[in-house]
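Please read them with the structure open.

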Amino acid sequence: MQDLAQAVYLTLAIAVVGGYLLGSIPFGLIATRLGGAGDIRQIGSGNIGATNVLRSGRKDLAAITLLGDAGKGVLAVLLARWLTNDSAAIVALAGGAAFLGHLFPVWLKFKGGKGVATFYGVLLAACWPVGVLAAVTWLAMAALFRISSLAALTAAALAAPFALATDQPYAMLVLALFMAVLIFVRHRENIARLLKGEEPKIGKKKTAETPPPAA
């Protein structure tokens, strides 16, 4: 019995720690530096995500960042599925850990992105109906309003209702709520600009914001 408990704890630790470390990989920073665009933290909002990478004028690097940030969420979930034979609770913990890793990456002194791409990657791998519905919501809102943050906030707010509507396990509902709350917290400045009607549209540079100094 003790050996079984130790095996369970070890599996949980690998899934969660592995998920966090995967989530901590700063694809936006890596892509812009290797691609010759400089330090993304000195561009636009200073965020390491795909939306800010797009403000560098490099659509290719933004696409790489988007795929990398979503992919690390997918990989963290798939690793947990493989380790646990698809335990919903541990899959949710690993996905949540990857999401936290993106927001608070150990490699960047815990100063990360806003988590939107990783949010979609985690959901698509952990509970694909919710991920698909959230992605469709983002696309619809982005097409209507051309504001990335508004699209992301709407999709995040609807993730938990989507989980309920598609009869997902309780762990997935908690995961969707957890990530949605953190997305709203990380987007508090965007929310303030949205309320003032000052949030920039997709593809436009932020001219009024001074980026933070490089770490």
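**Notes on the predicted model**

1. Under the ring-centre criterion, the count in this predicted model comes to one aromatic pair. The partners are Phe119 and Tyr120, and their ring centres are 5.1 Å apart with the planes at 65 degrees, so the pair is edge-to-face. The angle qualifies because planes over 60 degrees apart count as edge-to-face. Phe119 is buried, at a relative accessible area of 0%. Tyr120 is buried too, with a value of 11%.

2. A charged group also sits over a ring: Arg186 lies over the face of Phe104, 5.2 Å from the ring centre.

3. As for confidence, the protein chain has a mean pLDDT of 91, and 93% of its residues reach 70 or more. The stretch to treat separately is residues 207-215, where pLDDT stays under 50. For that stretch the model has 16 contacts beyond four places in sequence.

4. Which residues of the largest nonpolar core touch the most other members? The core has 35 residues, and those in question are Phe99, Phe119, Leu123, Ala126, Val130, Leu175 and Met179. At least two core residues each come from helix 4 (59-84), helix 5 (88-103), helix 6 (116-126), helix 7 (128-145), helix 8 (148-165) and helix 9 (170-186). A separate core of nine residues lies apart from it, including Leu29, Ile43, Leu61 and Ala62. As background, nonpolar side chains in soluble globular proteins tend to be buried together.

5. Helix 7 has 18 residues, which should span 26 Å at 1.5 Å a residue; the end C-alpha atoms are 25 Å apart, which agrees. Buried positions in this helix are Pro129, Val130, Gly131, Ala134, Thr137, Met141 and Ala142. The buried residues of helix 7 pack against helix 6 and helix 8. Arg146 follows the helix and has a positive phi, near 60 degrees.

6. Helix 4 has 26 residues and reaches 38 Å from first C-alpha to last, close to the 38 Å expected. Its buried residues are Leu61, Ala62, Thr65, Gly68, Asp69, Lys72, Gly73, Ala76, Val77, Ala80 and Thr84. Asp69 and Lys72 are among these buried positions. Just after helix 4, Asn85 takes a positive phi of about 55 degrees.

7. Gly23 belongs to helix 1 (residues 2-23). Gly23 is buried, with a relative accessible area of 0%. Leaving out neighbours within four places in sequence, its contacts are Lys72, Ala98, Gly101 and His102. Of these, Lys72 is one of the buried residues of helix 4. Gly23 and Gly95 are 72 residues apart in sequence, and their C-alpha atoms are 8.9 Å apart in space.

Notes: Residues are numbered from 1 along each chain as its sequence is written. This is a predicted model: local features need pLDDT of at least 70, side-chain atom pairs count only at pLDDT 80 or more; totals for chains, interfaces and linings use all residues. Side-chain values use heavy atoms; hydrogens and water are left out. pLDDT is the predictor's confidence in each residue, from 0 to 100. Contact means heavy atoms within 4.5 Å. Rings of Phe, Tyr and Trp (its six-membered ring) pair if their centres lie within 6.5 Å; planes under 30 degrees apart count as stacked, over 60 as edge-to-face and the rest as tilted. Buried means under 20% relative accessible area, exposed over 50%, partly exposed in between (1.4 Å probe, protein chains only). A charge sits over a ring if NZ of Lys or CZ of Arg is within 6 Å of the ring centre and within 35 degrees of the ring normal. A nonpolar core is a set of buried Ala, Val, Leu, Ile, Met, Phe, Trp, Tyr and Cys residues joined through side-chain atoms within 4.5 Å. Helices (H or I, at least four residues) and strands (E, at least two) are DSSP runs, numbered from the N terminus. The expected span of a helix is 1.5 Å times one less than its number of residues.
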